[in-house]
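Please look over the charged side chains in this structure before reading my comments. They are set out as numbered points.

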Amino acid sequence: MAPTDTAVSEVSGSTADKKPDTDVIELKDDNIGTAVSAASEVTVWQTLKNTGKNVVNLASYLNPLNIFKGKSSSNFDLTSSEYEEERAIIKEHGGIYKSVQGNCGAENNKNGVNFTLCNDGCLFIFGKGPMASYFGKVYAPWYAYATQIKKVVIANGVTSIGDGAFYGCSKLIEVKIPDSVTSIGKSAFERCSNLTQITIPSSVKSIGDWAFGNCSNLTQIIIPDSVTSIGYATFSGCSSLAQITIPSGVKSIGDYAFHGCSELTEATIPYSVTAIGKGMFSGCRSLTQITIPSSVKSIGNWAFYGCS
């Protein structure tokens with residue numbers, strides 16, 4: 001999910017043109033001997049403890065992005081009186097879609113944050129404390145339905161958006177983030193290609209690497225004064241982003257932060273920033289105006305490469 005020193009890399013899966021006879025095979029409990037040579041998708045349940053050697057070795061149609069997406073168990077009872085407000089919100093969005101619900105809290109808070117996917121395509125996340133992070137081969141428990149998610153509503157009480165939380169939700173068009181959230185994790189909204197705008201609340205202090213990477217239709221984003229750090233390649237590949245204001249509270253901006261923002265026409269660096277990193281504005285071919293304050297002591301390699 002990260003670029004090399006000289007370019008922003010692409011992450012993609014491979015799918016064979018021919019559709020196999022068996023589409024989906026589920027591995028759960030002790031079911032490790034399943035033949036998967038014709039499978040295009042494997043769902044690994046969290047109850048699976050171990051597998052035999054080369055268990056998916058012959059799966060010639062397998063899309064590697066879907067191997068470890070997993071299904072989450074639900075350790076909360078929505079019929080409980082404590083979830084009265086949540087039930088009303090779920091009802092407003094047409095009820096739960098195919099019983100897709102579960103826990104999504106961080107390691108020390110697994111049952112603290114929960115989710116439901118609603119019939120209208122709304123992913124509702126609620127509870128208290130930080131969300132879990134999903135990175136590498138571990139995908140969010142709703143990843144199997146990523147292309148069905150059109151809206152994300154995070155309830156007040158959730159304190160962080162985990163790494164990779166909404167990665168690849170290509171139909172996502174609306175996000176509601178509460179004032180309780182203080183950080184947005186790595187790749188949290190990466191490849192949300194239909195997201196056009198998002199408002200970040202003033203409670204957020206940090207935005208992680210690749211957080212909005214390749215959100216190709218993102219035209220507007222408001223970064224509040226509370227943000228002190230913008231990560232590596234945070235807005236890389238946001239090719240529709242025409243203007244962005246970096247608030248005065250930002251002290252550090254990661255390398256390649258705005259790489260490939262080809263519609264960006266102007267940018268102002270605040271006095272709180274002392275360095276412009278590698279490739280920060282590389283590929284910003286529409287950039288005509290940039291204000292660099294006297295506080296900046298260094299400008300990295302390829303910082304403005306391709307700003308034609």
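Predicted model: local features only at pLDDT ≥ 70, side-chain atom pairs only at ≥ 80, totals over all residues.

1. Residues are numbered from 1 along each chain as its sequence is written, and side-chain values use heavy atoms, with hydrogens and water left out.

2. A search of the whole structure finds two salt bridges (a side-chain nitrogen of Lys or Arg within 4 Å of a carboxyl oxygen of Asp or Glu). One joins Lys110 to Glu107, at 3.6 Å from N to O. Lys110 is partly exposed at 46% relative accessible area, and Glu107 is exposed at 66% (buried is under 20%, exposed over 50%, partly exposed in between, with a 1.4 Å probe and protein chains only).

3. Glu174 and Lys151 form a salt bridge, with their closest N and O atoms 3.9 Å apart. Glu174 lies in strand β9 (residues 174-176) and Lys151 in strand β7 (residues 151-154), so the pair ties together parts 23 residues apart in sequence (strands are DSSP runs of E, at least two residues, numbered from the N terminus). Glu174 is partly exposed at 34%, while Lys151 is buried at 19%.

4. What is the nearest side chain of opposite charge to the buried Asp163? That side chain is Lys186, 5.2 Å away, and Asp163 has no salt bridge (Lys and Arg count as positive, Asp and Glu as negative; His and the chain ends are not counted). The side chain of Asp163 does reach the backbone nitrogen of Lys186, at 2.8 Å.

Note on methods: Helix = DSSP H or I, 4+ residues; strand = E, 2+ residues; numbered from the N terminus. Polar contact = N/O pair within 3.5 Å; in protein donor to acceptor, adjacent residues only side chain to side chain.
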